[in-house]
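Hi everyone, thanks for coming. Let me walk you through a few spots in this structure, one at a time.

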Amino acid sequence: MSDLSLEPIQAASTSQAPKRWYDGLAQYQQQGIQHVLATVVAVNGSAPRALQAKMIVTPDTICDTLGGGGLEHDVINTARQLLKGEIDTQVATNSKRSAEDKSEKAKLIRRDAVYTKHYPLGAKLAQCCGGSVTVMFECFNVTPPLSILVFGAGHVASALMTVLAELPCQVDWVDSRPEMFERYLSEDDKGKTSQHSYHLPAHVRVRIDEEPIDFVRPFIKKQGQRFILVMTHDHSLDFDLVREALDSYIALSVDAANKDTDYTKIAMPYIGCISSATKAKRFQDRLLQRGYDEQLVNQITMPIGLTLGGKEPMAVAVSIAAQILQQYHNS
């Protein structure tokens, strides 16, 4: 049994974060991890760092520096407040807004939010530099992360990975057959029984397990927008995976209700299964016969993908990716 942890791929502590801001920016953009790029955009007098010095701040890590001390401490705290939606980024740019509008903090944080803050180093931060700096905060991936759980490593799934490789998302790719991933191994890795290093982007994780169904419930419990794509070689396994996804969501909702949580606000993940019209009808009938609520069953997407035309693996993969992005950005 492999590790079932489906947590975001990111550094566990500050010491493990990339050392330079540009490495951190590339990594966090690729992995869809929320982060702030903090840049010194104005300097007056003496300051710890020069104009255009930069650092990256995530909820758990930092990389690079703006000079340390009280300035950097406040920059980190401000960046994390922005990521939590605790600072109204619009107040600084529009002073005419009403007090009622200003109180709606979290709603005002946009995916591309920009915020600036002026720091008199001597007066407020007790730094001996004595000058002042202005820092610009650029927030990225503030919206919930795009998490995708893909079952099956056939032609369509492989084509889909080509598309997802270029998108800021977190992907767990599951199949019980090791040979399906051999194409992503170097010649030196082929035939080895130890852990392999696959030639895939860092945000795409290969999961080889004889019990793929075990990955469903941990994924359902994740935060953010979750997409489950069922496209294995076995129709029976497809049905079991779809059913487990429904059971896990129902269990989560019941658990939330028992804890006095408003379970109606717990969003059902996207559950999609590659299928023909006949397969879709058969799955729906079987689920209804087993007592699943019709409204819940109707939320399953079968077949998956937008109707774009074309049956080639890449054409189907593009239609699936388009549907995921459409739902993700419109939610």
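**A short tour**

Let's start with Val-318, which sits in helix H11, residues 313-330; helices here are DSSP runs of H or I with at least four residues, numbered from the N terminus. Before going on: this is a predicted model, where local features need pLDDT of at least 70 and side-chain atom pairs count only at pLDDT 80 or more, while totals for chains, interfaces and linings use all residues. Residues are numbered from 1 along each chain as its sequence is written, and side-chain values use heavy atoms, leaving out hydrogens and water.

Val-318 counts as partly exposed because its relative accessibility is 39%; buried means under 20% relative accessible area, exposed means over 50%, and partly exposed is in between, with a 1.4 Å probe and protein chains only.

Now on to helix H2, residues 69-83. Its 15 residues reach 22 Å from first C-alpha to last, close to the 21 Å expected at 1.5 Å a residue, the expected span being 1.5 Å times one less than the number of residues. Which residues of H2 are buried? They are Leu-71, Glu-72, Val-75, Ile-76, Thr-78, Ala-79, Leu-82 and Leu-83. Seen down the H2 axis, these buried residues fall within an arc of 170°, so they line one face of the helix; the arc is taken from the directions from the helix axis to the C-beta atoms. After H2 comes Gly-85, with a positive phi near 75°.

Last stop: Ser-158, in helix H6, residues 155-164. Is Ser-158 buried or exposed? Ser-158 counts as buried, because its relative accessibility is 9%.

How values were computed:
Helix = DSSP H or I, 4+ residues; strand = E, 2+ residues; numbered from the N terminus.
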